[in-house]
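Subject: Handover of a structure, with findings

Dear colleague,

Please find below the structure that I am handing over to you. My notes on it follow directly after.

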Amino acid sequence: MNAANDIAEFLASRRGKITPEQAGLPSYGLRRVPGLRREEVASLAGVSADYYRRLERGQVSGVSELVLEALARALQLDEAERAHLFDLARAASPIAPRRSRPAKKRIRPVVQRLLDQIEAPAIVSNVHGDYLAANALGRALYAPVFDSPEQPANSARFTFLDPAAPDFYPEWDRLASELVAALRSQAGRNPYDRGLQDLIGELSTRSDEFRVRWAAHNVRFHRTGTKRLQHPVVGELELSYETLTLDADDGLRMALYTAEADSATQQALDLLASWTATPDPIARRLGGETRER
């Protein structure tokens with residue numbers, strides 16, 4: 001990852017997504033490439049065309065927050081994209097900090113006790129997407145990830161490298177794109193995170209699907225949403241999730257999964273919860289499903 005290259009490619013990719021009509025500009029004839037021209041972005045942002053060209057070449061040293069805000073408006077960036085633009089500009093600065101704290105790999109005992117007292121499926125992960133801990137129901141829900149041969153257990157590693165992932169995730173394509181966008185956001189916030197660079201390098205080397213999505217420069221916040229799972233024991237599940245940050249543990253977050261009351265998914269979760277009280281049968285069943293694949 002290179003901050004100057006990243007900001008250049010990010011600006012170009014966002015410019016290519018906006019039509020003149022969306023920007024309120026007249027459009028004359030066919031264009032050789034989609035999106036706005038550099039001169040049009042410069043005009044919308046209130047800067048000179050030459051200055052914007054330098055920005056799109058990654059020359060952002062000394063750029064002001066006012067200019068970045070103007071670019072965000074001109075390119076119609078959403079909240080995650082705007083934050084990413086500012087992160088990349090800071091990383092490309094010659095005075096940007098070059099060190100980063102390694103992502104945490106363990107949780108405190110009190111966090112595990114908290115997990116164990118939550119009735120809903122709950123999982124703690126770090127900024128790399130490593131699954132560090134779960135309560136019994138969370139581990140049973142995500143047994144294919146925890147038991148995957150692709151270790152250590154990680155959401156992106158499972159999604160792109162384990163052939164069981166498309167079966168477990170019926171909406172694999174959407175989920176895969178969202179995961180890469182979340183990793184892009186994290187890479188912008190912490191471009192010198194060696195562990196994250198290693199993960200991205202591993203996925204880029206081993207997965208064409210990952211490489212294509214990484215090159216798109218899409219970003220998003222991974223906070224809330226819905227997820228469909230095809231569980232090997234209880235079948236199809238329609239879940240909502242919320243992600244909570246653990247303020248005392250920088251970089252750790254807890255994901256909680258819920259279902260509509262009296263829904264088929266809730267009944268399936270109740271069945272899964274009853275099986276977690278007798279771990280041997282569910283372990284044998286899940287292990288058998290994994291070996292069959």
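Which residue's side chain does a polar contact of 3.5 Å join to the side chain of His217? The partner is Arg184, whose side chain is joined to that of His217 at this distance. Please bear in mind that the model is a predicted one, and that what follows is computed from it.

His217 lies in the loop that runs between helix 13 (208–215) and strand 3. Is His217 buried or exposed? His217 counts as buried because its relative accessibility is 3%, and the cut-off for a buried residue is under 20%. When neighbours within four places in sequence are left aside, the residues in contact with His217 are Asp6, Glu9, Phe10, Ser13, Arg14 and Arg184.

The sheet

Strand 3, at one end of the loop that holds His217, belongs to an open sheet of five strands in the order 2-1-5-4-3, with antiparallel pairing. Strand 2 (131–134) and strand 3 are the edge strands, each of them pairing on one side only. From one strand to the next, the twist averages 30 degrees.

Two of the pairings may be described in detail. Strand 3 (residues 224–231) pairs with strand 4 (residues 235–245) in the antiparallel sense, over eight bridges. Three residues lie between these two strands, which form a hairpin. Within this pairing, Thr226 stands opposite Ser240 of strand 4. Strand 1 (residues 122–125) and strand 5 (residues 253–258) are likewise antiparallel, with four bridges. Here Val124 has Met254 in strand 5 as its bridge partner.

Helix 14 (residues 264–276) packs on the sheet, where it touches strand 3 and strand 4. The direction of helix 14 makes about 80 degrees with that of strand 4.

Helix 12

Helix 12 (residues 194–206) has 13 residues, and at 1.5 Å a residue these should span 18 Å. Which residues of helix 12 are buried? They are Leu196, Leu199, Ile200, Leu203 and Ser204. These residues lie on the same side of helix 12, because they cover an arc of only 130 degrees around the axis. Arg194 and Thr205, on the other side of helix 12, are exposed.

What do the buried residues of helix 12 pack against? They pack against helix 9 (155–161), helix 11 (172–189) and helix 13. At the start of helix 12, a side-chain oxygen of Asp193 comes to within 3.0 Å of the backbone nitrogen of Gly195.

The chain as a whole

The protein chain contains 15 helices and five strands. Its C-alpha trace spans about 70 × 45 × 35 Å along the principal axes. Of its 293 residues, 50% count as buried. Among contacts between residues at least 6 apart in sequence, 56% join residues at least 24 apart.

With kind regards

Technical notes:
Residues are numbered from 1 along each chain as its sequence is written. Side-chain values use heavy atoms; hydrogens and water are left out. Two strands pair if DSSP finds at least two bridges between them. Axes are lines fitted to C-alpha atoms, for helices over the stretch in contact, and angles run from 0 to 180 degrees between N-to-C directions. Contact means heavy atoms within 4.5 Å. Buried means under 20% relative accessible area, exposed over 50%, partly exposed in between (1.4 Å probe, protein chains only). A polar contact is a pair of N or O atoms within 3.5 Å; within protein, one must be able to donate a hydrogen and the other to accept it, and residues adjacent in sequence count only if both atoms are side-chain atoms. The expected span of a helix is 1.5 Å times one less than its number of residues. The arc is that of the directions from the helix axis to the C-beta atoms.
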